[in-house]
Amino acid sequence: MRCADRVTGLILAGLAAGSLSTIPARAAPPATPAATASGAADLKSEGPTQPAKVQDGQYTDKNGDPTYHITDNGKKVDWYTMSGYLRYNANCIVCHGPDGMGSTYAPSLVDALKGMDYAHFAGIIVGGKKDVNASQELVMPAFGDNRNVMCYMPDIYTYLRARSDGALGRNRPPEHEPKPAAFEKAEDACMK
Ligand code: HEC
């Protein structure tokens with residue numbers, strides 16, 4: 001299943017990065033002399049989590065987990081954060097409320113994402129979660145068969161991580177980095 005491959009790839013990449021602590025922060029040579037001078041600054045994000053690497057517009061932390069790149073006082077986000085915002089609003093908002101804030105039915109994801117790594121998050125989204133007791137039955141549906149969610153899992157994680165870290169405020173991010181060509185290719189392959 002091709003769309004699971006993208007997700008598995010990310011998880012495997014995360015494991016590899018975790019075991020190779022000496023991976024250089026920037027693998028690709030900078031395109032221009034100007035980029036050389038500001039190379040380190042390009043990766044710097046607002047918020048407590050700093051990206052260690054960017055590839056095709058997707059930022060990852062030192063463990064290889066997807067993370068956000070936010071600049072301009074919270075006004076500009078990387079493409080994955082933007083995409084995650086859109087997918088969250090299409091698939092999760094009905095239960096978890098606007099901006100991940102939670103509802104009477106489902107918990108705040110701003111709180112839940114604190115310290116939750118990508119593998120744990122992915123496990124819940126794929127398999128769902130149930131909390132049944134005498135007074136209530138809370139059900140988080142399994143999305144493992146839903147491409148509208150599976151194909152965008154890193155995106156949704158990235159967006160919620162930014163919200164959870166306090167790096168991104170409420171509402172739609174005003175500006176975003178361009179949609180990477182690689183994103184469009186992976187999306188087409190996954191949604192087929
Ligand atoms: C039909 C309602 C519903 C939808 C839609 C839904 N969820 Fe949930 N979700 C829940 C409920 C209820 C829980 C709490 C389950 C529990 O306590 O065991 C939950 C739990 C979670 C948790 C675990 C929180 C924790 O504290 O461990 C995560 C992460 C999560 N949801 C993410 C998402 C994402 C991302 C989406 C959209 C792709 C989504 N959910 C869509 C109802 C929903």
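Modeller: The loop between β4 and β5 holds D72, and N73 has its place in that loop too. Helices (H or I, at least four residues) and strands (E, at least two) are DSSP runs, numbered from the N terminus. The model is predicted: local features need pLDDT of at least 70 and side-chain atom pairs pLDDT 80 or more, while totals for chains, interfaces and linings use all residues. Residue numbers start from 1 along each chain, as its sequence is written.

Biologist: Why does D72 count as exposed?

Modeller: A residue is exposed if 12 or fewer other C-beta atoms, placed from the backbone, lie within 10 Å of its own, buried if there are 20 or more, and partly exposed in between. D72 has 10 C-beta neighbours inside 10 Å and therefore counts as exposed. N73, with 8 such neighbours, is exposed as well. Neither is a glycine, yet D72 has a positive phi of about 60 degrees and N73 has one of about 55 degrees.

Biologist: What makes A112 partly exposed?

Modeller: A112 has 17 C-beta neighbours inside 10 Å, so it counts as partly exposed. A112 belongs to helix α5.

Biologist: Which residues come nearest to the ligand?

Modeller: There are 23 residues around the ligand, and C92, C95, A112, D131 and M140 come nearest. A residue is near a molecule if its C-beta atom, placed from the backbone, lies within 6 Å of it. At least two residues of this shell come from each of α4 (93–96), α5 (109–112), α6 (118–127), β6 (129–132) and β7 (137–140).

Biologist: How many residues of the shell around the ligand are nonpolar, polar or charged?

Modeller: The shell has 18 nonpolar, two polar and three charged residues. Ala, Val, Leu, Ile, Met, Phe, Trp, Tyr, Cys and Pro count as nonpolar, Asp, Glu, Lys and Arg as charged, and the others, Gly among them, as polar.

Biologist: How do you know which strands pair, and in what sense do β6 and β7 do so?

Modeller: Two strands pair if DSSP finds at least two bridges between them. β6 and β7 have four bridges, in the antiparallel sense, and K130 stands opposite V139 in β7. The two strands form a hairpin with four residues between them.

Biologist: In what order do the strands of the mixed sheet stand?

Modeller: The order of this open, three-stranded sheet is β4-β5-β8. Its edge strands, β4 (70–71) and β8 (175–176), each pair on one side only. β5 (residues 76–77) and β8 run parallel over two bridges, with E175 in β8 as the bridge partner of K76. Another open sheet has the order β1-β2-β3 and antiparallel pairing; its edges are β1 (53–55) and β3 (66–67). There, Y59 has T67 in β3 as its bridge partner.

Biologist: Why are the buried residues of α6 said to lie on the same side?

Modeller: The buried residues of α6 are Y118, F121 and I125. They cover an arc of only 65 degrees around the axis, which puts them on the same side of α6. The arc is taken from the directions from the helix axis to the C-beta atoms. H120 and G123, on the other side of α6, are exposed. After α6 comes G128, with a positive phi near 80 degrees.

Biologist: What is the largest nonpolar core, and which residues have the most contacts inside it?

Modeller: A nonpolar core is a set of buried Ala, Val, Leu, Ile, Met, Phe, Trp, Tyr and Cys residues joined through C-beta atoms within 7 Å. The largest has 29 residues, and Y68, M153, I156 and L160 have the most contacts inside it. α3 (79–91), α5, α6, α7 (147–150) and α8 (153–164) each supply at least two of its residues. The largest share, six residues, comes from α8.
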